[in-house]
Each structure stands twice: as C-alpha cells, then as structure tokens.
Amino acid sequence: MATGATRRAIVIGGSVGGLFAANLLLRRGWDVTVHERARQGLESRGTGIAHHAETEAIMALAGVRDENPPGVHVPGRCAVDASGAVVAREAYPQYVTAWGRIFNPLRAAFPAERYQAGQELAGLAQDAEGVTAHFADGRSARADLLVGADGLRSAVRAAVAPAAQPLYAGYVGWRGLLEEAEFSPAFAPVFTQFTFGFPGKGEFIGYPVPGAGDSVAPGRRRYNFLWYYPVDAGAALDDLLTDAAGHRHALSIPPALIRPRHIAALQADAAARLPAPYAEAPLRARQFLVQPIFDLDSPALGFGRVALLGDAGFVARPHVGVGVLKAAEDARALAEALEAEPDIPAALRRYGAARIPPSRAAVAVSRHLGAFIERRLPRPEADPSLGLTLPGLLALSGRPVADPAAWVRHADAH
Ligand SMILES: Cc1cc2nc3c(=O)[nH]c(=O)nc-3n(C[C@H](O)[C@H](O)[C@H](O)COP(=O)(O)OP(=O)(O)OC[C@H]3O[C@@H](n4cnc5c(N)ncnc54)[C@H](O)[C@@H]3O)c2cc1C
C-alpha cells in the first residue's frame, strides 16, 4: 500500500471488539471498514455483564457520548447458602449492565456506511505491501492492516495461528433475563443484590440489569441469572447443542433451538437445588441462552499485518467478567502501538508485548475461579488444595484483575 497516504484498516467482526478498534482507529485518522458476518440482530444478542469504569473511559476515547447511567448500581456482592441466608459479603460498588448498553453506542458512534453487515471472511493473504481479505460473497478488499475481531471461532486466527484452539472447560453457562415485574413480591428484597450461590452443582449468579430503553427505574429493570452448570464433553454436550432437526451446533445453540427437555431439566434442578426466592429466576424465565465455557490462548497477537483482538486472541472464562474490557483494552493498545510505530509488523509486535501478559493472567485467574466446577466439587472451598475461599471468590469475580502477575503466581502455586 502507498505510504504517506491515509492508512487503511479492515476490521473483521463488528461486535464490541471490532467496534472499539474501528472507532479508535477512525479517530486517529485511519480509513476503516468493518466487515461483519451477521446480517442483523447483534444488538439483541447479549445479556448481563459486569461493567467497569475502565470500559467507560475507552468508550469515551472511541467517540461514545452517552449521558445515560452506565447500568444498575450495586454496592457489593454476597454469597448465600442452601437456605438463601447471606454467608459472605464483599463491598465492591459497581455497575452491572446489559451487553447492548456497550454495543449499541459503539455501533452508533461508527459511520453506518463503513459497517458492512452480511460479509463473512473466507480467507486472507498478505505480502510486504499489504493484506487482502477474501469474503464468502466473492468480494475482496485490500488494506495496510487487518484486525481479526471475529470472536472465539475466529476465521482470522484459523488463517494465521491454526494450532490455537478453544478448550472446553467442562461446563456451560445457562443464562436468562426476566422483567422485574415477573417476580413474586418475595423476590423484591434480593432483586438488587449481586448474589452468588452454590447449589451443589456449579455456581449460580444473579444481578439486576437495565430494562427496555436502558431504563434503570425500579419496576422497569430486568434480572439476569447465570448458572455455571457442569456438562461433560462428548455425548452430553453434543446432546445439549443438538437441535430438534438433529443438527449439532458448533459453538452455542441459538436460543430458539434449545430443546425443551434441556430447559425442563434445568428447571427441575432449580426447583430442587436453589433456595427461595432465587429458584424463581430459572423457573419463571421464558427465554434461555446456553453458552459452553472455553479457554483460549494464542501464541501471538500480531502476525505480519494481521492483528488478533478480543475473544479472537484470548478467552478468559466469564468468572472474571472482563471479556468486553479486555477487547476494549486490546483496541486501545493496538491504536497506541500503531501511532507510536509506523512499521505495521513492528507495531503489532509492540501491541502483543503489551497485551499478552494481562490476557494470559485473565485466563489463569478465570481458570482458578472455575476449577471447582470443572472438578465437580460442590463449593469453591471444598478442596483446600485449590486455594480458593468464598471471600476470595467474591473478591475476584466480575472485576478487573488488579495485579495479574500476583494472581498468576497464586494460581500457579496451587
Ligand atoms: C456466559 C458468558 C458471560 C459473559 N459475561 C461477561 C461479563 O460479565 N463481562 C464481560 O466483559 N464479558 C462477558 N462475557 C464475554 C463477552 O461477551 C465477550 O468477551 C465479548 O463479547 C468479546 O467480544 P469480541 O468482539 O471479541 O467477540 P464477539 O462478541 O464474539 O464478536 C465476534 C464477531 O465476529 C463475527 N464473525 C465471526 N466470524 C466472522 C467471519 N468469518 N467474518 C466476519 N465476521 C465474523 C461474529 O458474527 C461476531 O459479531 C461473557 C461471555 C459468556 C459466554
């Protein structure tokens, strides 16, 4: 590609990671287009997420101007026992929000004519001068830089680092969202609690999120539950991810295709294992999502003129709740490295050096937090050799890792 002219970037994947990168590069003078496989519907895809001030700061850099509150404010988190009584508390004021509350403003901040929906990357080729993306519809595009922000099953990663494969953790996340009004009055005292429960099978988490129109007004909010639920790899996982027509979905099954008997089994477990009033959440929910939980580690984040970003590069289990923040921090580090270093391959090496250590730390900490589920233990502290206590779990879940290196040392030691 010509030097001296505006530099051109192709971003593959138009979810949160791709939009952080595209908005940040555009605002630093790059000519950017986003190519997203899905034709529509991304805005309604996510459920609840833990929100962090750091994410908000990078959203502002990415051009998001949003006066609305970032989510529902919770003062801390608590753990409940089998009777529903609180047995541990951790003060940690934070916002919990809906995934769309991040995606929608990022999408609105990016020029619509530069966002090409319905374009699936089929292959790529690079040389000393540039990189070419080939799409499934037969079109192609050439640029100075290609950013792979195409998630866990990244086609970009398959092209540049095919040996890096997601590893199934041995459990799934069952999720559901309910309107505040759908609960019985008994739920009201716990509705705004960020609650962790250990029903003897995985880990149950519930918290409030904004409702329709991003409303955080009492009565108009929603409740998000997430049950980390053991499902053995092989026949059991295949069965869960297979639809009524016999098709086995690779990554996660679309909500409408989950077979009713799987939901019925989850609800039976909820009735038997979850304390009142929390059992109401899975029992009254009308739509469910099921997401197998994976670990992913990549050998590098820069491959010549190709960068990996967000879930395409590293996936930490959601216990740490930093998937969106990690994608945002990747995008900021990428934009900064490209500004500091004009040679693109050298800039991508700098980007990798900045982002691989914290990404690996997030993966290690999240594995540590999920180890008791993987080992089919009923509670996090059931096996002291794991080095996990209830207060420790409450302190680390759903927040950025303050000192990643210390936690990696801690996890390694156990
Ligand atoms: C159960 C669960 C709970 C979670 N909770 C939290 C939380 O509390 N906080 C948090 O921060 N994160 C959470 N996450 C993680 C978070 O959702 C992800 O980390 C985040 O969405 C990653 O964004 P991304 O843009 O990198 O990838 P994705 O959101 O996966 O986007 C990838 C995009 O690429 C597109 N694409 C794929 N292949 C192609 C192709 N060949 N060509 C073109 N486009 C393509 C896809 O359609 C998609 O839009 C959770 C995840 C799970 C599973």
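Okay, a definition to start: I call a residue near a molecule or strand if one of its heavy atoms lies within 4 Å of it. With that rule there are 29 residues around the ligand, and S15, G17, E36, Q291 and V324 come nearest.

Some housekeeping. This is a predicted model, so local features need pLDDT of at least 70 and side-chain atom pairs count only at pLDDT 80 or more, while totals for chains, interfaces and linings use all residues. Residues are numbered from 1 along each chain as its sequence is written, and side-chain values use heavy atoms, with hydrogens and water left out.

Back to the ligand. Which backbone atoms lie by its nitrogen and oxygen atoms? For V324, a backbone N or O atom sits 2.7 Å from a ligand oxygen. L121 has a backbone N or O atom 2.9 Å from a ligand nitrogen, and for G321 the distance to a ligand nitrogen is 3.3 Å.

Next, the domains, with bounds from an automatic or database domain assignment. Domain 1 is 8-65 + 101-166 + 295-369, and domain 2 is 72-95 + 169-294. Their C-alpha centres are 28 Å apart. Counting contact as heavy atoms within 4.5 Å, 17 residues from domain 1 and 17 residues from domain 2 take part.

How much area do they bury? About 1,500 Å² between them, 57% of it on carbon and sulfur atoms; that is accessible area (1.4 Å probe) that the two parts lose on being put together, summed over both. On the domain 1 side, T47, R153 and H319 supply 33% of the area buried against domain 2, more than any other three residues.

Strand β3 (residues 48-51) gives four residues, the largest share of the domain 1 side that touches domain 2.

Overall, the salt bridge count comes to 23. One of them pairs E179 with R222, closest N and O atoms 2.8 Å apart. E179 is in strand β11 (residues 167-179) and R222 in strand β14 (residues 222-230), so the pair ties together parts 43 residues apart in sequence. Helices (H or I, at least four residues) and strands (E, at least two) are DSSP runs, numbered from the N terminus.

The A276 to P277 peptide bond is cis, omega near 0°, and P277 lies in the loop between α6 (260-273) and α7 (280-284). D214 isn't a glycine, yet has a positive phi of about 60°.

Notes: A polar contact is a pair of N or O atoms within 3.5 Å; within protein, one must be able to donate a hydrogen and the other to accept it, and residues adjacent in sequence count only if both atoms are side-chain atoms. A salt bridge is a side-chain nitrogen of Lys or Arg within 4 Å of a carboxyl oxygen of Asp or Glu.
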